[in-house]
2 protein chains.
Amino acid sequence: MAGMSKRDRQAALMQLLQEAPFVTDEELANQFGVSIQTIRLDRLALGIPEVRERIKAVAETKQAELRSLEGTEVIGQIIELNLNERAISILDIEPVHVFAKTQIVRGHHLFAQANSLAVAVIDADVVLTRTAKIRFVRPGRLGERLVCKAVVTSNQTERAHVEVTTRVGEDIVFSGAFTVVKMRLETVVGGREA
Amino acid sequence: MAGMSKRDRQAALMQLLQEAPFVTDEELANQFGVSIQTIRLDRLALGIPEVRERIKAVAETKQAELRSLEGTEVIGQIIELNLNERAISILDIEPVHVFAKTQIVRGHHLFAQANSLAVAVIDADVVLTRTAKIRFVRPGRLGERLVCKAVVTSNQTERAHVEVTTRVGEDIVFSGAFTVVKMRLETVVGGREA
């Protein structure tokens, strides 16, 4: 798409970001065959905030819809949420998430993103994880973006089953099958549970 | 054991703490049938630091023996470590670890303690978790002490299997079966891996 006029490129950019609002400047630059700086100037001209701000804005509205967790208790930012059906969250791998020696993301951060999304997607006051079968498929690295998707595959009165897959781009990084149990707040805070 | 003379109690206390150095003042008070304050005065008289300091002192020497992780990368404090055999760590549940609504420890902290111990117990430069089957048996609560034990059940050239159990007192809180893979640092840092 290099060689487009500036007006055409900005129109295409606007349309693309409406369909895929979380594409980074770097990915846009590759796609349009221009520099990242050009994309930044295009966004400025079009009044489109940077990707981090776009994600944050969506996450704030989605977090207000959560039932089982406080918004700040979700690890990552929720960008899609249909309770009892599916949810998606994003986590950018920062220095605090990686091993010093290898710059590979630590397993428990991948687990935390997936586990908190498996709980968040359920429409109940209190949701606790009971079991999980998880697999770390390939290491996530510093600077990569983890896109985590949770799908509720069965949902009964007291428990639900949630399949979670985390990707970097097309690559699967992590997958997990979670069984979660739903509880009434009184039974849990009272100190007794199943 | 209430009604012992102070001298007898202090001698018994000293012996007990040599065998079980991580018993809390509260547990000691229950055991000897005296107040926590009495135990504190006994410790002062005997020059025994509080349990938090005793754990820290042991953890510092154990962490120096780690190979796959930096000492600060272990979640919890390692109090026993026999590489390729077994390890034990302790994590006290603090406000930062629990759900706001229920004061129950969040699953990913239990996972992080277990997963990092499963990696720490292996004697290799780079160890990554490949799969885990985990079970949250009963909720851990604010103020409780999580004692996590990892046992290496099979150990081959490229991978190992580690069984992890976390208890509060006698109760099992969490259990997990981890498969970890061992790698050479060059292959991982070079950006390729199996």
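**The A–B interface and the build of chain A**

In this predicted model, the contact between the two chains draws on 39 residues from chain A and 39 residues from chain B.

The polar side of the interface can be described by two counts. Between chain A and chain B there are 0 salt bridges. Polar contact, by contrast, is found for 10 residue pairs across the interface of chain A and chain B, with both residues at pLDDT 80 or more.

Which elements of chain A each supply at least two residues of the side that touches chain B? They are α5 (107-120), β3 (126-136) and α6 (185-189) of chain A. The largest share of that side comes from β3(A), with 10 residues. By residue class, the side of chain A that touches chain B comprises 18 nonpolar, 9 polar and 12 charged residues.

The strand β3(A) also pairs across the chain boundary. Its partner is strand β3 of chain B, residues 126-136, and the two strands run in the antiparallel sense over 5 bridges. One position in this pairing can be located on the structure: A:R135 has B:T131 in β3(B) as its bridge partner. In a regular strand, side chains alternate between the two faces of the sheet.

Attention may now turn to chain A on its own. Chain A contains 6 helices and 6 strands. Followed along the sequence, these elements of chain A come in the pattern α-α-α-α-β-β-α-β-β-β-β-α. The domain assignment divides chain A into domain 1, covering 6-48, and domain 2, covering 68-189. The centres of these two domains of chain A, taken over C-alpha atoms, are 30 Å apart. The C-alpha trace of chain A spans about 65 × 40 × 25 Å along its principal axes.

Strand β1 (residues 77-82) and strand β2 (residues 86-92) of chain A pair over 5 bridges. In this pairing A:E80 stands opposite A:I88 of β2(A). Where in this hairpin does a residue take a positive phi? The hairpin of β1(A) and β2(A) has 3 residues between the strands, and A:N84 takes a positive phi near 65° there.

Terms used: Residues numbered from 1 in each chain as written. Chains lettered and ligands numbered in written order. Predicted model: local features only at pLDDT ≥ 70, side-chain atom pairs only at ≥ 80, totals over all residues. Heavy atoms only, no water. Contact = heavy atoms within 4.5 Å. Salt bridge = Lys/Arg side-chain N within 4 Å of Asp/Glu carboxyl O. Polar contact = N/O pair within 3.5 Å; in protein donor to acceptor, adjacent residues only side chain to side chain. Helix = DSSP H or I, 4+ residues; strand = E, 2+ residues; numbered from the N terminus. Nonpolar A, V, L, I, M, F, W, Y, C, P; charged D, E, K, R; others polar. Pairing = 2+ DSSP bridges. Domains from an automatic or database assignment.
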